[in-house]
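Q: Could we go through this model together, feature by feature, with the general idea stated before each case?

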Amino acid sequence: MSGRLAVIGLGPGDPALLTPQAAASLAAATEVFGYGRYLARIPPRAGQRRHPSDNREEDARARAALALAETGAAVAIVSGGDAGVFGMAAAVFEAIEFGPPAWHALEVEVIPGISALLAVAARLGAPLGHDFCAISLSDNLKPWTTVTRRLIAAAGAGFVIALYNPASRARPWQLGAALALLRACLPGTTPVVFATAVTRPDERIALATLATADAALADMRTLVLIGSEATRRIERPAGTPWLYTPRHAP
Ligand code: SAH
């Protein structure tokens, strides 16, 4: 009996940003694994079982989903945004690499989703119009010295930087420390955006500069975008200014 595991990105929140392929793959699953808050976004379906778990239990969740797929079930495992961007896809492949040989024969399909940085960029204009990078500010899975080394290198190389996982109750000081580091290598006028719960009913977007940026504006639903020296701001008579990074870099 050959089971199947679909690893599905749900997008940033708005159901309209769930791709038709992700919706079809979800509909075909009889067992759905994921962080409880993500599972709550999926409309219930008769005959489909939910397996919610805490957001710190990713490795155990990946192994449980694979074990059920091995029995022949149609299993899905979901992530917010894109599952391959700081999401469940890497946890699944790590579990496969170090798991029982039978897992190597499973049919695994990764369904792409719209990652938070794409949804945030679309709200602002075109801040990712030139070279950019994404860094997770979480030091749960890597040492803080790795985060600081990468931040300094990315800022020095002129990348626009998307900071995922900027803050949580368990990680209250990291974003303030990161902003202090960046102030030492980028101009104070560099645009900084705090984009929270983008495309969800509680969406909130705050534009600042590196000089004025207040880390308290971020929580675990926030993506922080740091412009490069090339990023430009277009003022508007009303509403949020647009940000864009020209395709022709200096
Ligand atoms: N796989 C996800 C990222 C998971 S890490 C993706 O591709 O988007 C969780 C982090 O993603 C959050 O701390 C936040 O930084 C960011 N994030 C996820 N959804 C978001 C949203 N709707 N608005 C702003 N940031 C979001």
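Q: In which helix is Leu118 found?

A: First, a word on the source: this is a predicted model, in which local features need pLDDT of at least 70 and side-chain atom pairs count only at pLDDT 80 or more, while totals for chains, interfaces and linings use all residues. Residues are numbered from 1 along each chain as its sequence is written, and side-chain values use heavy atoms, with hydrogens and water left out. Helices (H or I, at least four residues) and strands (E, at least two) are DSSP runs, numbered from the N terminus. On that basis, Leu118 is found in helix α5.

Q: Is Leu118 buried, partly exposed or exposed, and which residues of helix α5 are buried?

A: Buried means under 20% relative accessible area and exposed means over 50%, with partly exposed in between (1.4 Å probe, protein chains only). Leu118 has a relative accessible area of 46% and is therefore partly exposed. The buried residues of helix α5, which covers residues 116-124, are Leu117, Ala119, Val120, Ala121 and Leu124. Just after α5, Gly125 takes a positive phi of about 135 degrees.

Q: Which residues other than glycine have a positive phi, and where is the place of each?

A: Two cases can be named here. Ala197 has a phi near 50 degrees, and its place is in the loop between β9 (191-196) and β10 (204-209). Thr199, which is not a glycine either, has a positive phi of about 70 degrees, and Thr199 too is placed in the loop between β9 and β10. Ala197 is buried, because its relative accessible area is 1%, and Thr199 counts as buried because its relative accessibility is 14%.

Q: How is the chain divided into domains, and how many residues of each domain are in contact with the other?

A: Domain bounds come from an automatic or database domain assignment, and here the chain is divided into domain 1 (4-114) and domain 2 (117-244). The C-alpha centres of domain 1 and domain 2 lie 28 Å apart. Where contact means heavy atoms within 4.5 Å, 12 residues of domain 1 are in contact with 13 residues of domain 2.

Q: Why does the ligand lie between the two domains, and which residues come nearest to the ligand?

A: A residue is near a molecule or strand if one of its heavy atoms lies within 4 Å of it. Domain 1 and domain 2 both give residues to the shell around the ligand, so the ligand lies between them. Of the 19 residues around the ligand, Asp82, Val85, Ser115, Met220 and Thr222 come nearest.

Q: By class, how many residues of each kind does the shell around the ligand have?

A: Ala, Val, Leu, Ile, Met, Phe, Trp, Tyr, Cys and Pro count as nonpolar, Asp, Glu, Lys and Arg as charged, and the others, Gly among them, as polar. With that division, the shell has 11 nonpolar, 5 polar and 3 charged residues.

Q: Which residues have a backbone N or O atom that lies 2.9 Å from an atom of the ligand?

A: A polar contact is a pair of N or O atoms within 3.5 Å; within protein, one must be able to donate a hydrogen and the other to accept it, and residues adjacent in sequence count only if both atoms are side-chain atoms. A backbone N or O atom of Gly80 lies 2.9 Å from a nitrogen atom of the ligand, and one of Ala116 lies 2.9 Å from an oxygen atom of the ligand. The protein covers 93% of the 540 Å² of accessible area that the ligand has on its own, the areas coming from the Shrake-Rupley method with a 1.4 Å probe, where for residues only the protein chains shown count as cover.

Q: What does the side chain of Arg183 reach?

A: Arg183, found in helix α7 (residues 174-183), has a side chain that reaches the backbone oxygen of Ala213 at 3.0 Å. Leaving aside neighbours within four places in sequence, Arg183 is in contact with Leu210, Ala211 and Ala213. The C-alpha atoms of Arg183 and Leu210 are separated by 6.5 Å, although the two residues are 27 residues apart along the chain. Arg183 counts as partly exposed, because its relative accessibility is 36%.
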